[in-house]
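Dear colleague,

Please find below the structure that I am handing over to you. A summary of the findings follows it.

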Amino acid sequence: MSEKTRSLFGTAFKHFINSFKPRKISGVFAGDDYHGNKYYEIPADPSRGKRTPKRWYVPPVNMRYDQENMPAEWDAWLRNRRSEPPSESELKENLSIATMKKQNADRLLEKEGKKVHSAIKESDKTSFPVYDEYEVTPGKGLKHTQ
């Protein structure tokens, strides 16, 4: 069975068997961020038909892929919006600007007399807007406010 097959069944069977073999994807280490995410890339190779590079990241905790813990610069690089990975100085500068903006926002809230860390509870959030003139549950009547 060393000859190549051209039949549909033979090709499907070959791909099925190959799907069980472990793949070794080795990418070039592009950098890491202050959350501990590590970023990799396989560069584009137009001669082989790959027009765009393949990019991914590995989170510090296995299988915890949260975009909340990803800087915007790395997100733009992963989505091919920028060609070069961000530098350490760029990341530090943007982090300091974001921290300064949060501090200024807290100062403004204190100045207005509002609580600084008044977080919204998950139970207070709704997935869709609720209006008084519409039924919340069909057939149950209008929503009445107490």
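Arg 23 lies in the loop that links α1 (8-18) to β1 (28-32); helices (H or I, at least four residues) and strands (E, at least two) are DSSP runs, numbered from the N terminus. Please note that this is a predicted model, in which local features need pLDDT of at least 70, side-chain atom pairs count only at pLDDT 80 or more, and totals for chains, interfaces and linings use all residues. Residues are numbered from 1 along each chain as its sequence is written, and side-chain values use heavy atoms, with hydrogens and water left out.

Arg 23 counts as exposed because its relative accessibility is 72%. The classes are buried (under 20% relative accessible area), exposed (over 50%) and partly exposed (in between), with a 1.4 Å probe and protein chains only. Together with Arg 48, Lys 50 and Lys 54, Arg 23 forms a positive surface patch. Patches are made of residues with over 30% relative accessible area and no salt bridge, with like charges joined within 9 Å and nonpolar side chains (Val, Leu, Ile, Met, Phe, Trp, Tyr) within 5 Å. A salt bridge is a side-chain nitrogen of Lys or Arg within 4 Å of a carboxyl oxygen of Asp or Glu.

**Overall arrangement**

The protein has 3 helices and 3 strands, which follow the pattern α-β-β-β-α-α along the sequence. Of its 146 residues, 14% count as buried.

**The strands**

β1 pairs with β2 (residues 38-42) in the antiparallel sense over 4 bridges; two strands pair if DSSP finds at least two bridges between them. Gly 31 has Tyr 39 of β2 as its bridge partner, and Asp 32 stands opposite Lys 38 in β2. The hairpin of β1 and β2 has 5 residues between the strands, and Gly 36 takes a positive phi there, near 100 degrees.

β2 is also joined to β3 (residues 54-58), by 5 bridges and in antiparallel fashion. Here Tyr 39 has Tyr 57 of β3 as its bridge partner.

**Asn 80**

Asn 80 is found in the loop between α2 (72-78) and α3 (88-112). Its phi is near 60 degrees, a positive value in a residue other than glycine. Asn 80 counts as partly exposed because its relative accessibility is 39%.

With kind regards

Notes: Areas by Shrake-Rupley, 256 points an atom, 1.4 Å probe, with all protein chains shown as cover. Lys, Arg positive; Asp, Glu negative; His and termini not counted. Charge placed at Lys NZ, Arg CZ, Asp CG, Glu CD.
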